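Keep the viewer open and click along as you read.

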Amino acid sequence: MNTFMDLICRTQPGFFWFSCPDFLIPLFKVLFWGCHPLTWYEDLYLQQAVVFIEDAIHYRSINHRVDSGSLRMYRCYYSRLCQWVLAATITVVLLLAFVERPSSLSKTSDLRHRSEPWNPPCGLTESIEMVCLLIFCLDLGMKSYLIGWEEFKKCKWLISYMVVLSISIIDWVLSISMLCHETLRVRRLFRPFFLLQNSSLMKKTLKCIKRTLPEIASVILLLALHLCLFTMIGMLLFAKTADQQENEEWLLHFRDLPRSITSLLVLLTTANNPDVMIPAYSQNRAYSIFFISFSVIGTYCLMNLLTAIIYNQFRGYLLMSLQTSIIRRRVGIRAAFQVLSCQRTQASAQVLVRVHAVLKVMSRVKMKSYYRAAINAAVQAHADVGFMDREQFQKVFDELDKDRITEHPPLPQYSSVLLQKLQQLFSHYYLTVLGNAVALTNVMCICTVLVLNSEKTTVERNNSNLEIINLCFILYYLLEMCVKIFAFGGRGYLSYRNNIFDGVLTVLLLVLQVTIFIKYTPPSPVESNSSLWELVRLVNMLIVFRFLRIIPDIKLMALVASTLMDLVKNLRAFAGILVVVYYVFAVLGIWLFEGAIKPPPGISGLSNTALQNVSNASMECGTYEQLGYWPNNFDDFASEVGVLLDQGRSPESTCDDQKPWRPDDVSAERRVVSSAFLRQAAIILLYNVMIVNNWQAFMDAYSRYTSEWSKVYFVCWWLTSSVMWVNLFVALILENFIYKWDRSHSCSITEVEKIQYETSIQLMFREQIQEPTEEELLCQLHRHPHLHLQW
């Protein structure tokens, strides 16, 4: 009975056991499961330990139900299949914006030839969306049940999840009731939330950004003060005078307060430099001091100071967030030790766990094989004693915090002295250097032939010489691959990523070259030259691509490439938040500006030359229309690719003394035409604004077609994307590179390759994170809402 009561004190039963008397629980276990109560309890302890260790591996909270049925549901929820289904559902619901009205499913966007894009019938996308919403409701229900009602009330993300789902379902019902003719779909704006709430690291990043905003706001306020001060000075310097020839700066950039602020704000991003100061500079070179002072203080001082503040503050908050992750891992391991210690009667004051039980738990835990092997090896070291104490148990799981080091298989052993000499020769580093030199020579030969044949058509080119040259180099590549396989062995050769890259391309090149000689042996017909050139061009591109093999052999280049790969692999949370921001601003842009910019009527019957001549005669230089930015608009969501015919940039084009076209200009000479007006994506427009090259053209166009208040939207996007997010991304690149540089500064090229691609966000900041104390861990365990342990 003591054992039974011990269990009752340790874990809160679920389902049926809430109302079952304590003394009847073992009897029902025997009747319904047909097993001994002690066996069932031991199995429950093992299940709890398995789940706690899996929580520790993935930095998950252990504050969930711990009865047997809930644990099985919990592991099922976090299984690869369920998480894949949830991720696919999130992807589908986000991609619906590309199909929904305004649809982006059109072959071409040229208004003269484009037909109306295909719009799905009412109910098609809505049915898909409802399936996704039902899956999200199931996801919310499982999460809510697993953590319990008390924890649900404390979790703001789950409450927000429920609110967003409610709004989405209500808006979906309204769409169906209105037969899909509603003008506004509110639920589109909330779809990125499903991506945010499914990633713990993304939520941590968003929380860190939120905490960093006050420091960013202080610098932005200083930038605003700097901008307003120079705006006032500029309006005083370039006031309107009686001499019309001296009013060009006033007319173009300082005519009123909104235009003055806009001109200097764009200058802050250097997008309109030196255009903004040329009219004044042409009158008096002293005016350049004003613009240079503004740029030096604003662009080179305050903007870089903003980068430093974002790097410092965000890094501090990220460290705090990652500290929480480390505490979660330690708490999970500590909880696993505590429940495993319940399996045996403690004869002494020291709490111990059986080595056999730990190995049994490890056999059930879902984790990467190399971590499992390392932990099992560390546990086996205590097999002679048979037991492990708390410190030994926690130290075993320190293997989870270590970088994975890729160990290459040993070289094959040859008995012959000659083979040993050849193995030593072919495994030498100089063979790789020679291979890189040969690859460089091959690329230079291809470049020479391309330069000599640049003016010839594919029919006039004689590809035989290039084929012979490529064949010689490919045979060398094949020989190099064979001798490396001989020296390192098959498994040893494949253990190097650069060898896999090199070998695959070599085999592919050999197959293509053999195909060329078999299919196009001379004399070949003239009509086959085009197909032959396609194959030769593919071979040449692969050879040029193969030259990237030099990256792992140059230490600094390998370090940079490794940093980039780590960014792709481990900074997905930051990219995910950028996707969310893009999505939200794209939806807002479509709501605000869909159909705002339209080409003038009456252009479908004109040829491209006539259109271009009319355009060049009626457009102001540097405007949205003259630059041919028609593809960039908010008419749809997708990233359709089209061909933009370069209009208004011919040698005969003149931009002097031209006024920009406005929607109310109906005269023939003021009609602006587009030789290829393409309905591009809102996302593409936002990307172009984020780059800040000529972004003033977009602000000017939408302020003319809509209102001056449209500039607020573009400035907000610039602040969010270019000022905050790009600087944040630069800061993270610096942190990642500094970490890799410190790790590999004293390493050889081979050692750099070993640690390549093995860094995680937690490991990047591992040295700055403090270990939690035993008191902190016990405090966390005492707060567990479903696990009540005796101490």
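## Helix α8

Before we start on the helices, a word on the labels: helices here are DSSP runs of H or I with at least four residues, numbered from the N terminus. Bear in mind too that this is a predicted model.

Take α8, which runs over residues 156–177. Its 22 residues reach 32 Å from the first C-alpha to the last, close to the 32 Å expected at 1.5 Å a residue. Just after α8 comes L179, with a positive phi of about 55°.

Which residues of α8 are buried? They are L158, Y161, V164, L165, S168, D171, W172 and S175. These sit on the same side of α8, because they cover an arc of only 150° around the axis. The background is simple: an α-helix has 3.6 residues a turn, so residues three or four places apart point the same way. Turned away from that buried side is a face with the exposed residues K156, I170 and S177. As for what covers the buried residues, it includes α6 (124–147), α7 (149–154), α9 (187–190) and α10 (192–197).

With a relative accessible area of 3%, D139 counts as buried. Leaving out residues up to four places away in sequence, D139 touches Y77, L86, Y161 and Q197. Y161 in that list is one of the buried residues of α8.

C76 is partly exposed, with a relative accessible area of 43%. C472 is in no disulfide either, and the nearest cysteine sulfur, in C445, is 9.9 Å away.

In soluble globular proteins, nonpolar side chains tend to be buried together. Here, the largest nonpolar core has 68 residues, and F291, F634, W695 and F714 have the most contacts inside it. Two or more residues come from each of α11 (200–237), α13 (257–268), α15 (288–340), α26 (572–593), α28 (682–691), α29 (695–705) and α30 (710–744). Which element gives the most? That would be α26, with 11 residues.

Setting aside residues up to four places away in sequence, F634 touches A586, G589, I590, F593, E594, A682, L685, L686, Y702, Y713 and F714. Apart from this core lies another, of 35 residues, including L46, V50, V66 and F337.

## Aromatic rings

A search of the whole structure turns up 35 aromatic pairs. One of them is F593 with Y713: the ring centres are 5.4 Å apart and the planes are at 75°, so this pair is edge-to-face. F593 lies in α26 and Y713 in α30, so the pair ties together parts that are 120 residues apart in sequence. F593 is buried, with a relative accessible area of 5%, and Y713 is buried at 9% relative accessibility.

F634 and F714 make a tilted pair, 6.4 Å centre to centre with 55° between the planes. This one links distant parts of the chain too: F634 is in the loop between α27 (608–616) and α28, F714 is in helix α30, and 80 residues separate them. Both F634 and F714 are buried. To see the rings together, select Y582, F585, F593, F634, Y702, Y713, F714 and W717, which form one aromatic cluster.

Note on methods: Residues numbered from 1 in each chain as written. Predicted model: local features only at pLDDT ≥ 70, side-chain atom pairs only at ≥ 80, totals over all residues. Heavy atoms only, no water. Expected span 1.5 Å × (residues − 1). Buried < 20%, exposed > 50% of the residue type's maximum accessible area, 1.4 Å probe, protein only. Arc of directions from axis to C-beta. Contact = heavy atoms within 4.5 Å. Disulfide = S-S within 2.5 Å. Core = buried A, V, L, I, M, F, W, Y, C linked by side-chain atoms within 4.5 Å. Phe/Tyr/Trp six-rings, centres within 6.5 Å; stacked < 30°, edge-to-face > 60°.
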